[in-house]
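Hi,

Here is the structure I said I would pass on. Have a look at it first, then read my notes below.

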Amino acid sequence: MAKSILITGGAGFIGSHVVKFFIKNQPSVNIVNLDKLTYAGNLQNLVEVENNKNYTFVKGDICDENLVENLFEKYNFDSVIHLAAESHVDRSILNPMEFITTNVVGTVTLLNVAKKFWSDFSDKLFYHISTDEVYGSLENETDFFTETTSYDPRSPYSAAKASSDHFVRAYHNTFGLPVVISNCSNNYGPNQFPEKLIPLAINNIKKNNPIPVYGKGENIRDWLFVVDHARAIFDIFHKGVVGQTYNIGGDNEWKNIDLIKLLCKIMDEKLNRPKNTSEKLITFVTDRAGHDMRYAIDSSKLKSELNWKPSVYFEEGLEKTVDWYLNNEPWLENIVNGNYKNYYQDLYKNR
Ligand code: NAD
Ligand code: DAU
């Protein structure tokens, strides 16, 4: 059983839930969270655990080889759970290079240091967290992504993630590094940065601002509550087979426009607004360049081999998420600052 884990990107949306899940469910383990605190990293996500004696936060860049080596030296990690990444597709269209730097060069930096320090690979694990977007875009309703679907990344974000997956597998094949990879569908829940569809729409509805729906709103995503993803990562970390890939999904496909209408209904109820008030904010805008049509994950391998399944129904999870954002106004307001507004100006200037 692992005793010292390096978690990268633990101040982000999913990473912070993973850190909290591990501390709650395996309190004896030592966790070091290495995070650069980019615009997406937020230590407010970790206040519940910041004073835990088995938890250490380090502000730093995964591309900084000296720093990563010093951390391996100091903490003698037996495992890495690697989540740090640039994660937003729209930003990757504005600035692909940052995605190559963090997602590719950063991942290879971590692989190199792990390879160097783990002279003996027994009881070691490099767990790489990836995305279903590496598989491309599904056109046919009956198709699903499985672990053997060929890679077909179509945005700079997914191309960078696909590249990092290839490097992780290459280090397993070439050097015998013990690795495992999981590819997950769209997450939602508390602490998600409000550039992503669900928290962006919650924030805009609250403020009576337009809800931008790309194209005709017909694109489909498979949504999973973030804590179910954290639990899948915990299960794969402990029970996954070295060298394997596991798909993680919610069995929960929604067209964007239907999801937004459901969210509008929930928000009207929560804000005591008359029925159909929020729907009037829906505004169709120019489509995302290269917008993938549909993602749908077949997670039967994870279910049958590791006995995992999603536990939160979407309507329940969405309501919990709305409650969290409405009850954590300071969290949201601290983020919705000048930088975020500038990013939005840049995004729409380029369309
Ligand atoms: P996020 O953008 O919320 O968080 C990313 C975190 O990484 C931030 O805390 C940021 O500060 C940190 N980071 C970025 N660059 C760094 C660097 N160079 N060095 C150290 N830290 C750095 O992302 P997320 O949505 O939580 O996604 C986490 C991981 O899960 C990513 O690898 C992403 O590709 C993957 N993923 C996300 C989803 C999703 O729906 N959000 C789904 C499947 C997979
Ligand atoms: O599938 C997993 C991926 O899900 C993760 O790897 C990514 O890190 C994560 O960002 C997410 O990517 P998407 O591009 O699917 O998520 P996003 O929330 O940006 O968009 C969801 C859908 O909503 C997509 O079809 C684009 C659309 N959209 C998005 C935004 C921000 C809109 O219609 N309007 C918007 O304002």
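A polar contact here is a pair of N or O atoms within 3.5 Å; within protein, one must be able to donate a hydrogen and the other to accept it, and residues adjacent in sequence count only if both atoms are side-chain atoms. Keep in mind that this is a predicted model, where local features need pLDDT of at least 70, side-chain atom pairs count only at pLDDT 80 or more, and totals for chains, interfaces and linings use all residues. Residues are numbered from 1 along each chain as its sequence is written, chains are lettered from A and ligands numbered from 1 in the order in which they are written, and side-chain values use heavy atoms, with hydrogens and water left out.

Now to ligand 2. In the side chain of Tyr-157, an N or O atom sits 2.6 Å from an oxygen atom of the ligand. For Asn-186, the distance from a side-chain N or O atom to an oxygen atom of ligand 2 is 2.8 Å. Glu-133 also has a polar side-chain atom 2.8 Å from an oxygen atom of ligand 2.

Asn-276 is in the loop between helix 8 and strand 12 (282-285), and its phi is positive, about 65°, though it is not a glycine. Asn-307, in the loop between helix 9 (300-306) and helix 10, has a positive phi near 65° too. Why point these out? Because most residues other than glycine have a negative phi.

Cheers

Notes: Helices (H or I, at least four residues) and strands (E, at least two) are DSSP runs, numbered from the N terminus.
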